[in-house]
Amino acid sequence: MSDRGRFLPLGAAALALALVPLFGPPSYVMHMAVQILLWSFIYTAWSIMGRFGLVSLGHGAFLGIGMYVPALLWNLYGVTPWLGIPLGVLLAVLSALVIGWPCFRLKVVGHYFALVTLALTEVARLSIIAARDITGGSLGMTPKPVPGGHSWWALQFVDKAYFFWIGLGLWLFGLWAWRAVDRSMRNPALEAIAEDETAAAAIGIGVTRLKLEVTLISAALTALGGAAMGQYLQYLNPETHAGIGISLQIVFAAIAGGMYAMLGPTVGAVLTLVLTEALRIAFGTTLIGAANTIYGVLLILFIIFMPRGIVGLIEERLRARGAKA
Amino acid sequence: MLEVTGLSKSFGGFLAVSQVSFALARGEILGLIGPNGSGKSTTFNLIAGTYPPSEGRILFEGHDIGGLGADRICHLGIGRTFQIPRPFRKLSLCDNVAVAAYYGRNQAIAREEARAEARRVLALVGLPSDQDAMADGLGAAGLKKLELARALATQPKLLLADESLGGLDAGEMDQAAELLRRIRGEMGITIIWVEHIMGVLMKVVDRVIVLDHGEKIAEGKPAEVARDPRVIEVYLGSAGHG
Ligand SMILES: Nc1ncnc2c1ncn2[C@@H]1O[C@H](COP(=O)(O)OP(=O)(O)OP(=O)(O)O)[C@@H](O)[C@H]1O
Ligand SMILES: [Mg+2]
């Protein structure tokens, strides 16, 4: 299928989605929709590198940095998020550089790369907790609200529709970034690197540089997603937004949805959020542990039996049918 | 064009290449022979930058390239094939070669141009160039051709061909030799050709270097080297490679 042929329905769907808030859906539906859009963006950002065997457990750090920097600058100095967010993204990119460059130079790959990046996530979480005077430590923090709750300067909106549109824009931006990697020679080059770095270098591919490039793109997008999430939730917590937990959540959701397909991470976001909500409603507050356990078991089953995720499985089926026809 | 002086490589105390020196003129085909484990592939890995040398100097067109990264050396104009083929199995044959054309050259080219170059080079070595052909369908001879196609797509001035044609039948060997001859003749690419079976190689090369246990033991015209008593001893000594 040509690119235009593929993007036309997506564009139409996006336009239709953009109209949804105008019909005044219930607040709960809007809340789910915003979360799905923002997490879809973040999972897509992770998969942009994850699909090339660069499995990072450090994305909790990028998310947390992107979230905390604008909130802290706002609370401490009254700096607008319009400046705070780019600074947060920049800091996330710098930390990705500090961790990525030595890893790629020293050929730290696979599980070892995952472990090193895991350490980064924990450093971010512990730093936020340690700076409790300004971050509120493990209790979390709230960006100072503006009177009336609606301000473009503070990027705070009572009406969820604004965050819906912001989320929609970010999600489409994430898909565009994914396509941009695929439309350049970076995709086959990164595939080649993932398979055999020595052979890739022998045909002139700058292995370190290309891996670093895609890592920095992924970190920047993740931090941007974190910033939007913080502005939306108006509550930041190191345990849920910076630690190992969130890093694993990202990885699981991306894998379950299918990290090799453009829409896989999006499906992963829908799946994990709907599953979480369904379990929460089914078990209420009586058996909080049970919901989490079932969630964990289901995800593990997914990963074992569908390593290419839901979208990967669907693609496979479609291909098999196409071959038969 | 290439000048190697006192080149050595040790792997944890074991000397795989020891004090090897030789020079190569533009347009030559140089044969590099020797029994199994004599250091031929390691010499290639040193020149191509896969490993840094432990000692010695490598001058390529006046640049000291010893210790540069493999990608830099590729850009300077040295292409290499791997003795054991290393295809990218998840990529089509065309993409295998197109990434080489795109990233391997000294100057930037467009994506579509890289694909067109890939198809041209695939046709030259005799592989299918349609978009769906994958490496999985290839046998030993096909994989060797793919190695060659990838190296050629980077537009090398010097080609390090680690052929070691074991696994190919007589017809395929002659074909491979003929291809190397054409690459030199029509494309003007200088070649070092590694092989441990002397027969086919001796008919094609201008000059031969013989390695044994990492050391250079002989150098000269094929006919002279074939008469050299040390070479005869090495080859008769290691039965099966005569
Ligand atoms: N990466 C490595 N680490 C340790 N030892 C190595 C390494 N590469 C090669 N060697 C050793 O160095 C010696 C030379 O190996 P090399 O591959 O250069 O031989 P060769 O002449 O190409 O042999 P063949 O004809 O079998 O291809 C061998 O004893 C080999 O085991
Ligand atoms: Mg060898």
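Residues are classed here as buried under 20% relative accessible area, exposed over 50% and partly exposed in between, with a 1.4 Å probe and protein chains only. The structure is a predicted model, in which local features need pLDDT of at least 70, side-chain atom pairs count only at pLDDT 80 or more, and totals for chains, interfaces and linings use all residues. Residues are numbered from 1 along each chain as its sequence is written, chains are lettered from A and ligands numbered from 1 in the order in which they are written, and side-chain values use heavy atoms, with hydrogens and water left out.

Helices (H or I, at least four residues) and strands (E, at least two) are DSSP runs numbered from the N terminus. B:Gln83 is partly exposed, with a relative accessible area of 31%.

Two further residues of chain B, neither of them glycine, have a positive phi near 50°: B:Gln19 and B:His213. B:Gln19 lies in strand E2 (residues 14–24) and is partly exposed at 47% relative accessible area. B:His213, by contrast, occupies the loop between strands E9 (207–212) and E10 (215–220) and counts as exposed at 62%.

Chain A comprises 15 helices and 0 strands. Its radius of gyration, taken over C-alpha atoms, is 20 Å, in agreement with the value near 20 Å for a compact globule of 325 residues, the globule rule being 2.2 Å times the number of residues to the power 0.38. The C-alpha trace spans about 60 × 45 × 40 Å along its principal axes, and 54% of the residues of chain A count as buried.

Within chain A, A:Val251 is located in helix H12 (residues 244–257) and is buried, with a relative accessible area of 7%. Beyond its neighbours within four places in sequence, A:Val251 is in contact (heavy atoms within 4.5 Å) with A:Trp46, A:Ser56 and A:Leu57. The C-alpha atoms of A:Val251 and A:Gly268, which are 17 residues apart along the chain, are separated by 9.8 Å.
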